[in-house]
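Subject: Structure handover

Hello,

Here is the structure we talked about. Please open it first, then read the notes below it.

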Amino acid sequence: MKHLLLTVLLGGFLLADSLAADWPTYGGDASRTGYTADALPAKLSPRWEHHATHAPMPAWPRSDRQPFDRVAHPVIAGGLLFFGSSADGTIRALDTATGQSRWTYYTDAPVRFAPAVWKDRLFAVSDDGFLYCLNAADGKLLWKKRGGPDGRMILGNDRMVSCWPARGGPVVVEDRVYFGAGIWPSDGIYFYCLDAATGKELWLNDRSGSIYMGQPHGGANAHSGVSSQGYLLAHGDQLLMPTGRAVPASFKRTDGVFQYFHLQQYGHKGGTTTLATGDHFINGGLLFDLKTGNSLDVVGPGVVAASPEGVATSTLKGVTFSKFADKERKDKKGETIKYRGLDKVWTVADAPGGTAVIIAGQHVISAGGKQVVAIDRKSQARVWSTQVDGNAHGLAVADGKLFVSTDAGTIYCFDGTNAAQPAVIRAATQAAPYGENSVCATAALEILRKADFTEGYCVDLGCGDGALAYELAVRSKLQIYCVDNDPANVALARQKLSAAGLYGVRVVVHQADPAKTPYPKYFANLVVSGRSVTAGPDAAPKDEVLRLQRPYGGVAVLGKVTSMQRTERGALAGAGNWTHQYADPANTCCSADTHVKGKLSMFWYRDSDFDMPQRHGRGPAPLYLDGRLFVEGLNGLRAVDAYNGRTLWEFPLDGILKPYNGEHLMGTAGTNSNYCVTPDGVYVRTGDRCLRLDVATGRKLAEFTAPKLPNGKKGVWGYIACENGSLFGSVVNEEHVVKWSYQKADMGALFTESALFFALDAVRGTEQWTFKPKNSIRHNAIAIGAGKVFLIDRPMAEMDRFGLDKTKEISREHGKGELLALDAATGKTVWKSDDNIYGTLLALSVKHDALLMSYQPTAFRLPSEKGGQLSGFRASDGKRLWDQKASYTSRPVINDATIYALGGSWDIRTGEERSFKFKKSYGCGQLASSAHLMVFRSATLGYVDVKVSERVEDYGGIRPGCWINAIPAGGVVLVPDASAGCQCSYLNQAWIALQAIE
């Protein structure tokens, strides 16, 4: 560590023998001000540094609005420093004089928030959903309180956590402790007040997650209320609950009654970092009135701390100090409003800042990356600075000492002792904590050989002392979760695995009945049993093994060494696939899945760590096939395990979705998708080529080139689909470039029409046939199924084109066309019809031998998408079955015999209107369906169980994309993030999967 200690006397700092205060909670007090009247010695020098075995593992590492766990924030009282670990789920105590460990307590999940000290007790929350009350002196458990209704666990941010993680950081006031649990409003948010001495529940607010209220977009409303994610604040008679990415909510401290949550009003502001001072609170760069929650003034970007004299703001540009002053401004009506705001007093430009700031006595301590500086508030002089390892996000002052914590997992102590050599404490790891361990070592080798993979999630049912899990971990990249019902085994396993440096980051041990674990169904790629290594395969509970095994290839290897039995789980009966942009080549927008129905609950979620195109660019839909989720991003294609969210592979495709990365609000609404998937491969078009990738590994298997145009020119591949061993494609008309629908954008590579249609062998790429239309083929007017290709050959819609010659009269009528059915194997015409072929969209019901012709009259439509009409044809011979005037405003869905759209539903066989109608809230996303459930954007994520009622349910706290990014398939609802470019304050930004509540 490099450090610079200036020998300047810190005039406002107390002498070393003066009384010193504690720092008992995050921010120093219940208002999280980051202020202490206590000061530091005249000279600061390094006393000790403590290096954790593992650096912190933040929940949302890409979110600037949720930085609460980037470091282990310390609290200090009675000569002890306490902190929690997001890596290994422990709560730890260090001696502030030496930095040496005093005690360690294990929770069942990551600890992401600093504890709070009250008298001789320590309160800490964990992602396992509990608030823990520990004896501060020795770490012994006194009592604990579960926040959620039960012990169900899920994979959250790639870790096994409670479905209701306790992420409302605890605060203690007047012998009461407050905490919150739950981050997904629709699953329930639980906000508690407990007696600090006994843990007795004094009040519970469990209703605020389901409040029907305005969402960040104007006009968007849903049953989606508060979340609990951030350090709770107690100030006067109010409690402020940070809600993740949004502004905080306010509750009455005496009884927990909800007061306000101005989500829609401040729809672009917010974040977890909040402090209260006087009659105000600061959040998201704004100064708010505490009583009303209304914004009064702009504080600006950066981190803040508040003393009785004013507010310190630390940014990348420097440190500023402001004082409260009476101010005036004009409202929208021009009337004068008087308020209490902030005026800048001084600024120290270029001082390190932007990651942490506190105020200690007459000094501002600011951190910016690896630099920490002390600034005298009177002279604005930089009186001390140092450099640390990692980015400093945590600062605290207590006991005459300055404590700095970094994202490298290091905690530094500086004081006035001027030690000749600061102590450096590093946790030593043991090379062989289990000794020879030959039986389990041999078992691990046999398991990995029979499993034939070394990555993924593994469960050890009946782990004993963790010996088998250890041997598996050192020989693989498996993430292992262990259960044992013997508390002594659990304690010993945690001790040994921690000594090996594996605990938390590779192996976690829970005390539970191996026959009834709290883990989610389907998540395990591998199931083993330490108990079965000595007792045989029957020692593992068969029902639980099957429940945990991932469908489509989840493996269990159980039994004694040399005679282990391997089982592999097959397909999930009743699970539907989603292999094309609109579910299938028939464009039904409906999978065959029968599992998702009724109410939905969280299955897994993870951070948005894959760069996606602008949501207004309406990029391609995610796809699903046989347990794998496929998602295309700006620069590549990713495959994900649909049952645990784990990334399986990525294939780089530089700039593949650049044309969709704009504000045009057209994208796949006009172009259709650029990729599809079958068991033979993932097919993705780029330029005049199509790549065929292996579905399991992402390895490139082949590369095909589109046929040339009749004039001999090489063309751009447009439409793409795959069915029954044939790869179907088209060569676009590059002259037909449509106008944007929202904001100016380059539409030059977003082609909606094609001049040639063709079929290739899907494995070899050899040409099977081509079809040249008389006029043009619109990509949305192609549907494939029942051995046929259905398309409309129609003049292009001139009114849709970009850059029209204004001197030339353009017809507002779109010329009628010809509907054709081609034999999918030969390309020969089976039948055709030119009887009032008006449509821009085709969709097919193979089951009912019915072909639907319609428009796509959605928001931000092209001018040719007139709407108002539906027609049905018999697919086998082209007979026109019915015509129906219809008012609808979405792309139609074909679910069995019913056509669903926003505005109505109709029988696909007769065109007869059905009684089922539903209304959704704001949002331009499209409908995606399964046998029971339709999902769509409705402010948040909306859904309807079509077998039950027309009522729209909400899964809140997140925004879907602007076309299709939520698909019901594989027994779950899969929702990769599609909010890129959106700054709106939906509470979480994540990839999620939802399951039906059983």
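D158 is found in the loop between β12 (153–156) and β13. One thing to keep in mind throughout: this is a predicted model. Phi of D158 is near 65°. That is a positive value in a residue other than glycine. D158 has 32% relative accessibility, so it counts as partly exposed.

D896 gives a second case. Its phi is near 55°, again positive and again not in a glycine. D896 sits in the loop between β68 (893–895) and β69 (898–901). With a relative accessible area of 38%, D896 is partly exposed.

Now the aromatics. Searching the whole structure gives 45 aromatic pairs. One of them is W164 with Y190. Their ring centres are 6.5 Å apart and their planes stand at 85°, so the pair is edge-to-face. W164 belongs to the loop between β13 (159–162) and β14 (168–173), while Y190 is in strand β16 (residues 190–195). The pair therefore ties together parts that are 26 residues apart in sequence. Are these two residues, W164 and Y190, buried or exposed? Both are buried.

There is also an aromatic cluster. Y178, F191, W203, F251 and F258 make it up.

Last, charges over rings. The charged end of R329 sits over the ring of Y339, 4.8 Å from the ring centre. R891 does likewise with Y582: its charged end sits over that ring, 3.4 Å from the centre.

Best regards

Notes:
Residues are numbered from 1 along each chain as its sequence is written. This is a predicted model: local features need pLDDT of at least 70, side-chain atom pairs count only at pLDDT 80 or more; totals for chains, interfaces and linings use all residues. Side-chain values use heavy atoms; hydrogens and water are left out. Rings of Phe, Tyr and Trp (its six-membered ring) pair if their centres lie within 6.5 Å; planes under 30 degrees apart count as stacked, over 60 as edge-to-face and the rest as tilted. Helices (H or I, at least four residues) and strands (E, at least two) are DSSP runs, numbered from the N terminus. Buried means under 20% relative accessible area, exposed over 50%, partly exposed in between (1.4 Å probe, protein chains only). A charge sits over a ring if NZ of Lys or CZ of Arg is within 6 Å of the ring centre and within 35 degrees of the ring normal.
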